[in-house]
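Please look over the sequence and the structure shown here before reading the notes below. They are meant to be read alongside the model, topic by topic.

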Amino acid sequence: MKALCWHGKKDLRYDTVPDPVIEHPRDAIVKVSSCAICGSDLHLFDGFMPGMKHGDIMGHEFMGEVVETGKENRALKVGDRVVVPFTITCGECDQCRRGNFSVCERTNRNKDKADKMFGHTTAGLFGYTHLTGGYPGGQAEYVRVPFADQTHVKVPDGLTDEQVLFLGDILPTGWQAAVQCEIEPTDTVAIWGAGPVGQMAVRSAVLLGARQVVVIDRVPERLAMAAQGGAIPINFEEESVLERLGELTGGKGPEKCIDAVGMESHATRSFDAIYDRVKQAVMLETDRPHVLREMIYVCRPAGILSIPGVYGGLIDKIPFGAAMNKGLTWRMGQTHVKRWTDDLLRRIQDGQIDTSFVVTHTVGLDQGPAMYETFRDKRDGCIKVVLKP
């Protein structure tokens with residue numbers, strides 16, 4: 001089969017690789033109908049995440065048709081149409097029973113590596129380094145889905161790929177980011193990043209009843225899309241984020257702040273952003289946490305910081321004393337996808353949510369390497385790329 005494979009920093013190739021096969025009785029093989037490039041994939045493309053190996057298949061946001069099942073997989077049958085969550089879940093461990101699916105205790109087949117890196121293992125993830133299991137990803141013609149009797153969302157008849165594809169990642173990620181904020185009707189919710197997760201967080205915060213939602217970015221097309229979803233846009237290259245948020249909140253700051261950016265913040269004018277780039281260049285720091293610093297500074301005392309943005313290692317100069325003294329609550333983590341999908345699928349069917357708006361580019365899988373460059377550089381109004389094998 002054909003797949004997009006990682007061969008080093010900024011080196012993705014459209015390779016021929018072996019077809020996947022059933023390895024465990026709970027497995028399924030899925031023929032991919034649509035997959036997408038996620039902002040988190042760019043961290044791998046840019047070489048910032050440890051644990052990748054030459055030939056690793058990329059992608060963790062995909063869906064398709066079941067073409068084979070293991071003999072113990074009674075939840076799926078050949079012909080079923082499914083979205084595959086990026087978090088692989090057993091459904092049986094203590095964390096899964098509590099609904100903490102992104103920290104499943106059983107699905108990371110490289111548990112020892114994760115234990116050493118993080119102190120405890122997290123769930124296995126598709127297409128996302130050998131620290132999370134080294135599982136082949138979904139930017140391919142076919143995928144083996146381990147624990148497939150649990151790791152799937154069945155798609156009802158009548159829904160297009162574009163309506164449901166993002167149930168596997170960005171929609172529940174944006175939703176969880178907003179839910180973690182415990183939004184009240186009087187709240188201002190500020191969201192850093194108007195990429196795909198930020199766009200979903202905007203719509204989620206609006207649905208959950210925030211008084212006003214503000215989004216911070218620098219790409220005009222992304223800011224315009226967020227404004228269409230009900231957000232007040234701030235272009236951080238044209239005005240002061242701190243001053244504008246002060247104006248919008250009567251000088252008190254937003255009650256709730258969401259970091260939908262993560263480790264590759266692109267702030268360019270501030271001293272701390274320059275400092276981060278220098279330290280990252282000489283490998284003294286792995287992540288650029290400008291957004292975290294800005295959120296801590298601007299958030300209203302006793303507020304909540306919600307962090308769906310991915311961080312990979314060590315960050316520097318975090319004003320933790322400010323966070324402690326202001327009494328800020330931090331909530332973060334990979335998304336517990338299956339915790340949210342039943343409710344979100346119902347909202348899609350009811351017409352409350354239509355995620356297809358975020359798709360700006362649809363191309364063949366063979367165009368994937370070029371589209372990574374387009375997505376990374378945000379050319380041509382690129383918000384979300386869907387690849388069709």
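Predicted model: local features only at pLDDT ≥ 70, side-chain atom pairs only at ≥ 80, totals over all residues.

Residues are numbered from 1 along each chain as its sequence is written, and side-chain values use heavy atoms, with hydrogens and water left out.

**The sheet**

- Three strands form an open sheet in the order β2-β1-β4, with antiparallel pairing; strands are DSSP runs of E with at least two residues, helices are runs of H or I with at least four, and both are numbered from the N terminus.
- Strands β2 (12-16) and β4 (56-57) stand at the edges with a single partner strand each, so one side of each is left without a neighbour in the sheet.
- Strand β1 (residues 2-6) is joined to β4 by two bridges, where two strands pair if DSSP finds at least two bridges between them, and the bridge partner of C5 in β4 is I57.
- Helix α13 (residues 368-377) packs on the sheet and touches β1 and β2, its direction making about 160° with that of β2; contact means heavy atoms within 4.5 Å, and angles run from 0 to 180 degrees between N-to-C directions, with axes fitted to C-alpha atoms, for helices over the stretch in contact.

**Aromatic pairs**

- The structure holds three aromatic pairs, counted when ring centres of Phe, Tyr or Trp (its six-membered ring) lie within 6.5 Å, and called stacked with planes under 30 degrees apart, edge-to-face over 60 and tilted for the rest.
- One of them is the tilted pair of F45 and Y372, at 5.4 Å centre to centre and 40° between the planes.
- Because F45 lies in helix α1 (residues 39-45) and Y372 in helix α13, this pair ties together parts that are 327 residues apart in sequence.
- F45 is buried at a relative accessible area of 2%, and Y372 is buried at 0%; buried means under 20% relative accessible area, exposed over 50% and partly exposed in between, with a 1.4 Å probe and protein chains only.

**Helix α6**

- Helix α6 (residues 196-207) has twelve residues and reaches 17 Å from its first C-alpha to its last, close to the 16 Å expected at 1.5 Å a residue, the expected span being 1.5 Å times one less than the number of residues.
- Nine of its twelve residues are buried, so α6 is largely enclosed by the rest of the structure; among them are P196, M200 and A205.
- Just after α6, G209 takes a positive phi of about 95°.
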